[in-house]
Amino acid sequence: MTEREIIVYFEGLEDKDWTLPVTLKWNVKDVVAHMIGWTELDVASLEEIEKTTTLPWRQGGFDVHKYNDQSVAKYSKATPEELIDIWVKLLDKREGLVESV
């Protein structure tokens, strides 16, 4: 399943579904924010590679748990529709960067 197929699934959810728990810590909306955060980081990494040819951010000392929490907090006020829109725009941008690298 691609991210775009996952987005289609999320677009079909009702408002009440976005608050359903997925884990002890996160609900559906939090999971989407987490996915957006990683897509956002992919975009930033590809932009950096394109400019400087440096290695990706995944090299040493990166706290994935802290990053996950930051992504969830960053998008906590966004509506489900806003989250989907942000994610689609980031996917489009990432695909363009992948083609250019």
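Is Arg4 buried, partly exposed or exposed? With a relative accessibility of 30%, Arg4 counts as partly exposed. The cut-offs here are under 20% relative accessible area for buried, over 50% for exposed, and partly exposed in between, with a 1.4 Å probe and protein chains only.

Hello everyone, a word on the model before I go on. It is a predicted one, where local features need pLDDT of at least 70, side-chain atom pairs count only at pLDDT 80 or more, and totals for chains, interfaces and linings use all residues. Residues are numbered from 1 along each chain as its sequence is written, and side-chain values use heavy atoms, with hydrogens and water left out.

Let's stay with Arg4. Its side chain meets that of Glu95 in a salt bridge, at 3.2 Å from N to O. By salt bridge I mean a side-chain nitrogen of Lys or Arg within 4 Å of a carboxyl oxygen of Asp or Glu. Arg4 lies in helix H1 (residues 3–11) and Glu95 in helix H4, so this pair ties together parts that are 91 residues apart in sequence. Helices are DSSP runs of H or I with at least four residues, strands are E runs of at least two, and both are numbered from the N terminus. Glu95 is partly exposed too, at 38%.

The structure holds ten salt bridges, so let me show you a couple of others. Asp17 pairs with Lys16, their closest N and O atoms being 3.5 Å apart. Asp17 is buried at 16%, whereas Lys16 is exposed at 56%. Then there is Asp85 with Lys89, at 3.1 Å between the closest N and O atoms. These two sit four residues apart in helix H4, which means about one helical turn separates them. Asp85 is partly exposed at 38%, and Lys89 is exposed at 52%. Salt bridges that share partners also join Glu3, Asp42 and Arg94 into one network.

Arg94 deserves a look of its own. You will find it in helix H4, residues 80–100, and it counts as buried at 16% relative accessibility. Leaving aside neighbours within four places in sequence, Arg94 is in contact (heavy atoms within 4.5 Å) with Glu3, Thr39, Asp42, Val43 and Leu46.

Now, how do the helices pack? Two packed helices are described by the angle between their axes and the distance between the axes. The axes are lines fitted to C-alpha atoms, for helices over the stretch in contact, and angles run from 0 to 180 degrees between N-to-C directions. Angles under 35 degrees count as roughly parallel, over 145 as roughly antiparallel, 65 to 115 as roughly perpendicular, and the rest as oblique.

The axes of H1 and H4 come within 11 Å and cross at roughly 170 degrees. That makes H1 roughly antiparallel to H4. On the H1 side the contact includes Ile6, Ile7 and Phe10, and among the H4 residues they meet are Trp87, Val88 and Leu91. By class, this contact has seven nonpolar, no polar and six charged residues. Nonpolar covers Ala, Val, Leu, Ile, Met, Phe, Trp, Tyr, Cys and Pro; charged covers Asp, Glu, Lys and Arg; the others, Gly among them, are polar.

My last pair is helix H2 (residues 28–52) and helix H3 (residues 64–74), whose axes come within 8 Å and cross at roughly 115 degrees. H2 and H3 are therefore roughly perpendicular to each other. Their contact includes Trp38 of H2 and Tyr67 of H3, and its residues divide into six nonpolar, four polar and three charged.
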